[in-house]
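Reader: I would like a close look at a single part of this protein, taken slowly and with its surroundings. Please keep to what the model itself shows.

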Amino acid sequence: MLMLAWLALLWGVEAIDTLSGNRLDGLGITPRRSGELVDIVPSAFIHFGFGHLASNSLPLLVLGFIAALRGIGRFLAVSLVIIVIDGLGVWLFSPAHTNTAGASGLIFGLFSYLLVRGFVDHRVLDVVVGLAIGAYYGTSILWGVLPVHTGVSWQGHLFGLIAGVTAAYLFRERPAEVAAGG
């Protein structure tokens, strides 16, 4: 239900953006302008048209659903970390005078989070799930971090991947400390 609500929110925001003459597009990230730092989180919810949103919807639904199976609180924290790290990377490294928005940084982050989470947590089932996700999405994800498509933020994709790995380590399950017996 969470991911369906998330997608409904994204589609609702895009409908409002379209009806307002794309006024929300300004909530994307313009690099290295200090006032743009406040747009890091909103930029993950803004898209440049319904086609852009449609291309992000299915992978966000699938990857978000799988990531949320370990708990909604953890999923929301992981998503926030990915959005912030990805947004900072875009803000620092994207070309001047560009505007970056969309959920693809989060998608790339969830991909890498799920890919490495099992290895970090030492959970066989999560390793298998991560490998299956890697096999299914891997080729398209790898092309997404290369600067081969005009108008696509490879920086957002790359920093999304980095953010997902970071989140896997930040939110890893630590074994309970064994009390010293006496």
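How much space lies in the largest pocket, and which residues line it closest to its centre?

Author: This is a predicted model, and what follows should be read with that in mind. In it, the largest pocket holds about 800 Å³ of space. Its lining is made up of 40 residues, and those closest to the centre are His 52, Ser 104, Val 152, Ser 153 and His 157. Several helices contribute to this lining, for α2 (40–43), α3 (50–68), α4 (72–93), α5 (104–121), α6 (124–144) and α7 (154–170) each supply at least two of its residues.

Among the contributing helices, α3 can be followed in some detail. This helix has 19 residues and spans 25 Å from its first C-alpha to its last, which is close to the 27 Å expected at 1.5 Å a residue. Along its course α3 bends by about 30 degrees at Ser 57, and a proline, Pro 59, follows within four residues of that point. Both Ser 57 and Pro 59 are buried, as are Leu 53, Asn 56, Leu 60, Leu 63, Gly 64, Ile 66, Ala 67 and Ala 68 in this helix. The partners against which the buried residues of α3 pack are α1 (2–19), α4, α5 and α6.

The loops between helices also deserve attention, beginning with the one between α1 and α2, where Arg 32 is placed. The phi of Arg 32 is near 60 degrees, a positive value in a residue other than glycine. Arg 32 has a relative accessible area of 41%, and so it counts as partly exposed. Thr 30 is found in the loop between α1 and α2 as well, but Thr 30 counts as buried because its relative accessibility is 12%, under the 20% limit for that class. Leaving aside residues up to four places away in sequence, Thr 30 touches Glu 36, Trp 91, Thr 98 and Asn 99.

The loop between α4 and α5 contains His 97, which has a positive phi of about 65 degrees although it is not a glycine. His 97 counts as exposed because its relative accessibility is 71%, a value over the 50% limit.

Key
Residues numbered from 1 in each chain as written. Predicted model: local features only at pLDDT ≥ 70, side-chain atom pairs only at ≥ 80, totals over all residues. Heavy atoms only, no water. 1 Å grid on protein atoms, 1.4 Å probe; cavity = no way out; pocket = protein on both sides within 12 Å on 5 of 7 lines; lining within 4 Å. Points joined across faces, edges and corners; volume = space filled by probe spheres on them. Expected span 1.5 Å × (residues − 1). Bend = angle between axes of the 7 residues up to and from the residue. Buried < 20%, exposed > 50% of the residue type's maximum accessible area, 1.4 Å probe, protein only. Contact = heavy atoms within 4.5 Å.
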